[in-house]
Amino acid sequence: MTPRTTERLSVDGPAGSLETLINAPSAAPRGVALICHPHPLQGGTLDNKVVQTLAKTFFALNYVAARFNFRGVGQSAGTFDEGDGETDDALAVLDFVRKRYAASLPVALAGFSFGAFVQTRVAAKVQPEGLVLIGPAVKRFQLPSVPADTIVVHGEEDDVVPLADVFAWARPQQLPLVVFPGCGHFFHGRLPQLARVVTSLWPRDARGDARR
């Protein structure tokens, strides 16, 4: 399912307005999904293909899918803040979306690369129903331990975040990884497969059947 309409708006953030895109299902949503993009100083934006894929995936699962530009990216005000301010940005957008659609809705968090790092910090504050980390930027940033049911997907041939580093981070947590053979950091040519994997591993499928 592809979103037919995309609402673009500005959300008040701690450093100024945050450029935000929201796709909301026509039926009553099952939850709110917040997706975070890669490193702001390395070309990361809300239009990143992995980020778009995650938004479409959660929209297809009947979630309100929200993605935004971190401070200093696109039309978002402010400047890069090493993850601290970006965590506050994510919390501000999440708060806005939850208030708009229903504060009681469950929250899904997903992030790619630097965005995955930010989402581990957001997760510690909001206790989401699920967390999806794609190509998490371990070692470059200090990622905390994550819940045991976190979905982690990484490319075997990732030359930005080596797979060995992700295993070193996951091993003490006994955290399973999904590894895409022959795949690089940006999942070129593998985005449909990525969507299928996230959908299949998400704790509830598109019909709302429990998988826990």
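User: Where does serine 113 lie in this structure?
Analyst: Serine 113 lies in the loop between β5 and α3, where helices (H or I, at least four residues) and strands (E, at least two) are DSSP runs numbered from the N terminus. Before going on, note that this is a predicted model, in which local features need pLDDT of at least 70 and side-chain atom pairs count only at pLDDT 80 or more, whereas totals for chains, interfaces and linings use all residues. Residues are numbered from 1 along each chain as its sequence is written, and side-chain values use heavy atoms, with hydrogens and water left out.

User: Is serine 113 buried or exposed?
Analyst: A residue is called buried under 20% relative accessible area, exposed over 50%, and partly exposed in between (1.4 Å probe, protein chains only). Serine 113 has a relative accessible area of 8%, and therefore counts as buried.

User: Which residues does serine 113 touch, not counting residues up to four places away in sequence?
Analyst: A contact means heavy atoms within 4.5 Å, and by that rule serine 113 touches Pro38, Ile134, Gly135, Pro136, Ala137 and His185. With histidine 185 there is also a polar contact between the two side chains, at 3.1 Å. A polar contact is a pair of N or O atoms within 3.5 Å; within protein, one must be able to donate a hydrogen and the other to accept it, and residues adjacent in sequence count only if both atoms are side-chain atoms.

User: How do I read α3, and which of its residues are buried?
Analyst: The buried residues of α3 are Phe114, Gly115, Ala116, Phe117, Val118, Gln119, Thr120, Val122 and Ala123, and what covers them includes β3, α2 (84-101), β5 and β6.

User: What do β5, helix α3 and β6 make?
Analyst: These three elements make a right-handed β-α-β unit; a crossover is right-handed if, with the strands pointing away from the viewer, the path from the first strand over the helix to the second runs clockwise. Two strands pair if DSSP finds at least two bridges between them, and five bridges join β5 to β6, which run parallel. Within this pair, glycine 111 stands opposite leucine 133 in β6. On to the next strand, β6 and β7 pair in the parallel sense over three bridges, with isoleucine 134 opposite valine 153 in β7.

User: Which residues cover each side of β6?
Analyst: In a regular strand the side chains alternate between the two faces of the sheet. In β6, Gly130, Val132 and Ile134 are on one side and Leu131 and Leu133 on the other, and all are buried. Because five of the five residues of β6 are buried, this strand is largely enclosed by the rest of the structure.

User: How many residues of α1 are buried?
Analyst: Nine of the 12 residues of α1 are buried, so that this helix is mostly covered. The buried residues of α1 pack against β2 (16-23), β3 (31-36), β4 (63-68), β5 (107-112), β6 (130-134) and α5 (191-201). At the N-terminal end, asparagine 48 caps α1, with a side-chain oxygen 2.9 Å from the backbone nitrogen of valine 50.

User: Which residue with a positive phi follows α1?
Analyst: Most residues other than glycine have a negative phi. After α1 comes asparagine 62, whose phi is positive, near 75°, and after α3 comes glutamine 127, with a positive phi near 50°. Lysine 139 also has a positive phi, of about 75°; it is in the loop between β6 and β7 (151-155), and at 67% relative accessibility it counts as exposed. Phenylalanine 187, with a phi near 55°, is found in the loop between β8 (178-180) and α5, and is buried, with a relative accessible area of 0%.

User: How many disulfides does the count come to?
Analyst: A disulfide is a pair of cysteine sulfur atoms within 2.5 Å, and by this rule the count comes to zero. Cysteine 36 is buried at a relative accessible area of 0%, and cysteine 183 is buried at 2%.
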